[in-house]
Amino acid sequence: MTKLEFDPLLDDLATRVLVCCGSGGVGKTTTAAALGLRAAERGRRVVVLTIDPARRLAQSLGLRELDNQPREVVVDGFEPKGELFAMMLDMRRTFDDMVLTHAGRDRADQILSNPFYQTISSSFSGTQEYMAMEKLGQLVAQDEWDLIIVDTPPSRSALDFLDAPQRLSTVLDGRFIRMLSAPARASGRGLLKIVGTGFSLFTRAVSTIVGGQLLQDASTFVQAFDSMFGGFRERAQRTYELLRSPGTGFVVVAAAEPDALREASYFVERLSAENMPLCGLVANRTHPVLAGDLPAAKAVAAADDLDRSGDAPLAAAVLRLHADRVAVADREKRLLARFTRAHPGVALVGVPALPADVHDLDGLREIGRRLAGE
């Protein structure tokens with residue numbers, strides 16, 4: 001097994017973007033923040049983009065709150081060699097800003113006030129993933145930070161955000177959307193008459209299913225949005241190329257659990273198939289046995305002897321706790337060994353679990369040390 005070395009990666013000025021990905025609940029947000037803190041303390045100018053709306057991260061960074069703009073982490077006693085900024089993705093605000101930038105003021109107002117837009121900008125499948133990548137593209141374009149660390153959205157599948165740019169672009173360029181925008185794009189009286197007749201039949205059929213007002217809102221939105229379709233495709237392609245470019249690295253985060261490692265395995269295979277640069281796997285919240293080499297079976301046998309004698313109940317309880325810890329550690333080792341056999345070329349680092357949740361910079365700093373193998 002190759003050990004994942006984070007400090008050389010963070011110190012390398014050629015490393016410009018790190019994407020922390022994995023299934024939900026495995027510690028991506030904490031990992032991203034800890035890496036950002038460690039990179040800043042080693043001299044990088046870093047911004048961490050998180051998708052997690054929980055205030056716990058902001059509090060651990062010493063900030064009252066996070067929003068859609070980077071905020072510098074300025075806390076008494078925190079004097080990094082570099083600088084650390086943090087922000088939390090506001091999906092709707094990012095979508096609004098994109099419309100304002102690319103549609104012009106009048107058309108943007110028409111789009112932003114449309115009920116159909118208000119629905120898809122906050123709840124359309126893949127919108128959060130797309131906007132995370134959109135915001136990443138904006139941060140790269142601003143060229144104000146020499147390292148950007150992205151905490152990807154907690155999706156049902158860790159692969160969702162890779163597909164989001166293409167999926168959203170495909171949907172907006174699909175047959176249904178094109179039919180809605182056909183009257184606006186039709187030119188020439190004869191073509192307009194033909195399209196208009198077909199469109200009338202189409203709208204009568206579909207309105208009985210989705211409702212006439214919703215269909216009208218959708219048609220109005222698409223006609224106003226029509227000029228931005230090309231931009232969506234171009235931006236999706238640029239985002240995709242950014243993810244494959246030199247200087248970008250993917251860090252897959254997983255718990256030492258079957259489902260999380262299975263998801264991580266799928267992700268590693270997908271990254272390889274897409275020729276995207278994989279740094280390695282973080283096996284988060286592991287439970288190594290740090291003292292002694294007493295096997296679990298012997299610990300249980302010794303505890304049984306003490307229980308029968310009744311001389312040392314506390315020692316017996318400690319032995320049973322040790323046996324449980326050894327059993328957990330052995331199980332995690334087997335699962336990680338299975339992963340490394342399937343992916344022998346993937347570097348890996350285990351991060352032992354802390355006794356309590358991270359709630360301040362000291363906690364993030366400790367996670368950073370464990371990521372670095374200290």
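Analyst: Start with two helices: the axes of α4 (residues 91–103) and α5 (residues 105–112) come within 7 Å and cross at roughly 145°. Keep in mind that this is a predicted model.

User: Which hand does the crossing of α4 and α5 have?

Analyst: The crossing of α4 and α5 is right-handed.

User: And which residues meet there, α4 against α5?

Analyst: On the α4 side they are R92, D96, V99, L100 and A103. On the α5 side they are R105, R107, A108, I111 and L112. Sorted by class, the contact of α4 with α5 has 6 nonpolar and 4 charged residues, and no polar ones.

User: OK, aromatics now. How many aromatic pairs are there?

Analyst: The count comes to 1 aromatic pair. Its members are F85 and W145, with ring centres 6.0 Å apart.

User: Why is the pair F85 and W145 called edge-to-face?

Analyst: Planes over 60 degrees apart count as edge-to-face. The planes of F85 and W145 are at 75°, so the pair falls in that class.

User: Where do the two sit in the chain, F85 and W145?

Analyst: F85 is in strand β4 (residues 83–88), and W145 is in the loop between α7 (127–142) and β5 (147–151). They are 60 residues apart, and the pair links distant parts of the chain.

User: Are F85 and W145 buried or exposed?

Analyst: F85 is buried, and W145 is buried too.

User: Different spot. What about A283, where is its place?

Analyst: A283 is in strand β7 (residues 278–286). Its relative accessibility is 1%, so A283 counts as buried, the cut-off being under 20%.

User: What is A283 in contact with, leaving aside neighbours within four places in sequence?

Analyst: With those left aside, A283 is in contact with A254, L336, V349, G350 and V351.

User: Last one, T340. Which helix is it in?

Analyst: T340 is in helix α15 (residues 313–342). T340 has a relative accessible area of 16% and is buried.

User: What does the side chain of T340 reach?

Analyst: The T340 side chain reaches the backbone oxygen of A337 at 2.9 Å.

Notes:
Residues numbered from 1 in each chain as written. Predicted model: local features only at pLDDT ≥ 70, side-chain atom pairs only at ≥ 80, totals over all residues. Heavy atoms only, no water. Phe/Tyr/Trp six-rings, centres within 6.5 Å; stacked < 30°, edge-to-face > 60°. Helix = DSSP H or I, 4+ residues; strand = E, 2+ residues; numbered from the N terminus. Buried < 20%, exposed > 50% of the residue type's maximum accessible area, 1.4 Å probe, protein only. Axes fitted to C-alpha atoms, helices over the stretch in contact; angles between N-to-C directions. Left-handed = near helix turned anticlockwise from the far one by under 90°. Contact = heavy atoms within 4.5 Å. Nonpolar A, V, L, I, M, F, W, Y, C, P; charged D, E, K, R; others polar. Polar contact = N/O pair within 3.5 Å; in protein donor to acceptor, adjacent residues only side chain to side chain.
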